[in-house]
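These are my notebook entries on one protein model, written down in the order in which I looked things up. I kept to strands, helices, side-chain packing and a few single residues.

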Amino acid sequence: MISFYLNGKHHEIIHLNPNTTVLEYLRLHERQTDTKEGCASGDCGACTVMAQQLPANGNEPSNTTPFYTLNSCITLLSLMDGHHLMTAAYLADNPENHPDRASLHPAQQAMVDCHGSQCGFCTPGFVMSLASVYENHRLTKAETGAVDELSYDDIVASISGNLCRCTGYRPIIEAGLAMEKIGQQRDDEQTAAKALTITLATDAMAASRVSDSTKNNAIEPALTQDLRQLFIPQSIDELNQVLAANPNATIWAGGTDLGLSVTQHLVDHDVIIQLSAIDELKSWSLTDTSETESAQSGEHNNAAPTTPKSLVLGAGMSYKKMLPVLEQYFPTFAAVFERIASPQIRNMGTIGGNIANASPIGDLPPILLALDAHIHLRHCDMANHSGESQASDTDEIIPLSAFFLDYKKTKLRAGSYVVAIHIPLLQNNQYLYIHKISKRYEDDISACLLAARLDISADGMTIEDVRFGLGGMAAIPLLAEKSQQVLIGQSVAVDSFEKAAQMLPMDVSPMTDVRASREYRMHVVQRLLTKCGKQLIAELQTISA
């Protein structure tokens, strides 16, 4: 059973097609037609809704949990288990549905006052994006006592995943900037604001997440319809057990790409294993690099305190949850995130999903390749011991460069999943540069992406090692190994990088598609490779100055 709140009302469901999206449920099952369907692929934002993860126990406060937006068209309804799901109709304080007595949410009122809507089709999605940034800003101010107002950049970032083809963005941005003034005026007039957070009266949310059948060591599906099933394991152990019993199941994390298989390709997945409830896959840690190496060899290594460390990111970490971690350890990597997808997608998409998807135009794999990341895989099988079938699993940690085999083909097999990604921290002599090329600056797929990690000698004169990660250039993300080899041992000079760029055709023969021609891709990446050299020289000069 899945349990969630929709616009303040509790819902419990067990008999439903596991492939049902949030949008389909809202419009066809609940007749909640204020949420619109546009592209059905997570691009336009017309279907944007807002959600808040609720505490499992009704005695815990929920008024400090942030809100987030998502594209309801590609999000499975089951991902809302344990959440409060909100649509535009819920924002207004209008319980009796009398427009003349309605008190609109500041995001709604601002859109009216600033004439932020024309045809109106995209408006509910814009309202939800604006309401989310407004409500989260209110939570931050209440928690920290900050007095800063929402900035132009805050508003633009919040609506970067919403498209408008009629009014244009100026009046919508003006509406976003007007929200706080409207809210403050209501506070001054002591007008009671509607609290979008809800208080749980019972522990029904917690109870619904624990099936009685688990006492018998059997995990029951959360949703079923005919022969279709969806499981929501609550731990790694449960995941291993369910996957061993259903090795051909579709593993679903955020589903920002898999969702298109339902909406665009009309695939009806028979068995889905959803990872949303497994906290172990959403955590991160620092570990000695030697631990990764010993895990590969099966040996134990007592590492010295000076051993380089690796950042270990759980495969279930969303882009949003990864960002503050990367800002601390890989600021150059983190800076790219504002150019990856939209807020709605970053709220749901995971690092493990982006890698396992094996798209040649995925943004994370080439960066991780440049950083010499390793991927932790687990292979689950159902072994027979003394006449009884028991789940067994085998772990494998391999370089990410060995993970991708061919277009959409990886080391994953039936019964396998990604546990974590191990990224060695940059040392003092290592520099990272990343360049993404796309038609739009924000919320667009890469035409090509180059990530470069450059290792320099202590005197800053010689290139000791280099890794060039390429995305959008071939059927898989890959390293430019011949170009790398040309640079090793060379002086830190522009002509060294130009020679390496000339070797790029030996590493890859780019593809031509709707985003760019092969000639364009080759020329651009060659120039970007040289640009990385110029950036390195400039940075070294700044350090030595």
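Predicted model: local features only at pLDDT ≥ 70, side-chain atom pairs only at ≥ 80, totals over all residues.

Entry 2, the hairpin of β1 and β2. I turned next to β1 and β2, an antiparallel pair joined by five bridges, in which Phe4 has His11 of β2 as its bridge partner. The two strands form a hairpin with two residues between them, and Asn7 in the turn has a positive phi of about 50°. Is Asn7 buried or exposed? I found a relative accessible area of 14% for Asn7, and because buried means under 20%, Asn7 counts as buried. I then asked which residues Asn7 is in contact with, leaving aside its neighbours within four places in sequence. The list I wrote down is Gln32, His84, Leu85, Met86, Thr87 and Tyr90.

I looked up the span of helix α6 (residues 170-188), which has 19 residues and reaches 28 Å from its first C-alpha to its last, close to the 27 Å expected at 1.5 Å a residue. I also recorded a bend in α6 of about 35° at Ala178. Ala178 is itself one of the buried residues of α6, and among the others I listed Ile172, Ile173, Met179, Glu180, Ile182 and Arg186. Which elements do the buried residues of α6 pack against? I found α3 (106-113), α4 (123-144) and α5 (152-158). Just after α6, I noted that Gln190 takes a positive phi of about 55°.

I counted six aromatic pairs in the model. One of them is formed by Tyr319 and Phe337, with 5.5 Å from centre to centre and 55° between the planes, which makes the pair tilted. This pair links distant parts of the chain, with Tyr319 in helix α11 (residues 319-329) and Phe337 in the loop between α12 (331-335) and α13 (343-348), 18 residues apart. I checked burial for both residues, and Tyr319 is buried, as is Phe337. Together with Phe333, these two residues form one aromatic cluster.

I then looked at Ser318, which is found in the loop between β11 (309-314) and α11. Ser318 has a relative accessibility of 7% and so counts as buried. Not counting residues up to four places away in sequence, Ser318 touches Arg346, Asn347, Met348, Gly349 and Thr350. In a separate search I found the charged end of Arg339 over the ring of Tyr441, 4.4 Å from its centre.

I traced a sheet of four strands, which is open, has the order β17-β18-β19-β20 and shows antiparallel pairing. Its edge strands are β17 (430-437) and β20 (478-479), each of which pairs on one side only. For β20 the partner is strand β19 (residues 463-471), and I noted two bridges in the antiparallel sense between them. In this pairing, Leu470 stands opposite Leu478 in β20.

Of its 545 residues, 54% are buried. I also looked at contacts between residues at least 6 apart in sequence, and 69% of these join residues at least 24 apart.

Definitions and conventions:
Residues numbered from 1 in each chain as written. Heavy atoms only, no water. Phe/Tyr/Trp six-rings, centres within 6.5 Å; stacked < 30°, edge-to-face > 60°. Buried < 20%, exposed > 50% of the residue type's maximum accessible area, 1.4 Å probe, protein only. Lys NZ or Arg CZ within 6 Å of the ring centre and 35° of its normal. Contact = heavy atoms within 4.5 Å. Expected span 1.5 Å × (residues − 1). Bend = angle between axes of the 7 residues up to and from the residue. Pairing = 2+ DSSP bridges.
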